[in-house]
Amino acid sequence: MKLFSIVLLLLISTYCYSQHITDINFAYRNGLQEANFNGKNGKNGNNGAGRLLPTLFKTARWGGNGKPGKPGPTLQVKVSAFADGDSSILFITITAGKDNTHSYYVNPRFGKLIISANGGDGGEGGDGESGDRPDEKQPYGNSGGAGGNGGNGGDGGTIIVTYDSTALPYANCNCIFYNNFGGKGGEAGAGGKGYGTGSADGSAGTNGKNGESGPSVIVQGPDKKIIQIK
């Protein structure tokens with residue numbers, strides 16, 4: 001009975017290992033890998049000269065405001081391990097919402113994985129349109145349009161990491177890194193140039209604010225007890 005149990009265990013281990021080595025991602029276990037789940041960057045505002053915006057008295061158009069960056073998602077990271085010859089391989093699954101799960105393999109001795117849930121950058125503000133030059137109908141010219149405001153950066157996401165019993169000895173391994181920084185605020189658009197007597201250059205927009213970093217990364221064991229806070 002004991003011999004049967006050992007044989008069965010070996011067969012199960014061999015089957016599980018063969019399932020992993022058929023995954024194309026297994027080939028990258030010894031290198032540097034990046035798992036980017038960052039929020040989307042905000043769109044840039046259009047320049048005043050390109051905006052189809054009705055104006056009174058042919059005044060210069062303002063630049064459009066940049067859109068805010070999207071916040072980083074909440075990531076559920078699960079880590080397990082299996083034998084590979086004389087070493088072990090970490091098997092990492094990352095879930096970022098429904099039907100959005102990805103898997104990675106890392107050799108703790110040689111490989112590294114960087115997991116990111118950063119906020120998206122804010123879009124840049126568009127430049128204001130320059131005023132019309134003086135002519136017979138507009139002898140004094142026109143002031144330039146104001147520049148658009150930059151969009152705010154998105155906040156960093158939340159990362160929760162769970163090690164199962166097979167991977168627990170590698171919880172302090174210097175092979176998995178986490179980023180959940182806030183996105184950069186978009187730059188302000190420049191004001192358009194004014195032409196003619198009494199005209200003025202348009203004012204520049206306001207830079208967007210940087211997003212806040214996400215909460216500390218929680219690393220827990222199979223019993224949900226916290227191992228580390230990063």
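Tutor: Asp86 and Arg109 are both exposed, a class that requires over 50% relative accessible area, whereas buried means under 20% and partly exposed lies in between (1.4 Å probe, protein chains only). These two residues form a salt bridge in which the closest N and O atoms are 3.9 Å apart; the term denotes a side-chain nitrogen of Lys or Arg within 4 Å of a carboxyl oxygen of Asp or Glu. Asp86 belongs to the loop between β2 and β3 (87-95) and Arg109 to the loop between β4 and β5, so that 23 residues separate them and distant parts of the chain are linked. Strands are DSSP runs (E, at least two residues), as helices are (H or I, at least four), numbered from the N terminus.

The model is predicted: local features need pLDDT of at least 70 and side-chain atom pairs count only at pLDDT 80 or more, while totals for chains, interfaces and linings use all residues. Residues are numbered from 1 along each chain as its sequence is written, and side-chain values use heavy atoms, with hydrogens and water left out.

The structure holds 3 salt bridges. Another of them joins Arg29 and Asp84 at 3.7 Å, N to O. Here Arg29 lies in the loop between α1 (2-21) and β1, and Asp84 in strand β2, 55 residues apart. Asp84 is buried, at 14% relative accessibility. A further salt bridge pairs Arg61 with Glu129 at 3.6 Å between the closest N and O atoms. Arg61 sits in the loop between β1 and β2, and Glu129 in the loop between β5 and β6, 68 residues apart. Arg61 is partly exposed at 24%, and Glu129 is buried at 18%.

The strands named above take part in pairings, for which DSSP must find at least two bridges between two strands. Strand β2 (residues 74-84) runs parallel to strand β6 (residues 158-163) over 6 bridges, with Val77 partnered by Val161. Both strands belong to an open, mixed sheet of 6 strands, ordered β4-β3-β2-β6-β8-β9. Because β4 (101-106) and β9 (226-229) each have a single partner strand, one side of each is left without a neighbour in the sheet. Strand β1 (residues 32-36), for its part, pairs in the parallel sense with strand β5 (residues 112-116) over 5 bridges, and Ala35 has Ile115 as its bridge partner. β5 also pairs in the parallel sense with strand β7 (residues 176-179), over 4 bridges, where Ile115 is partnered by Tyr178.
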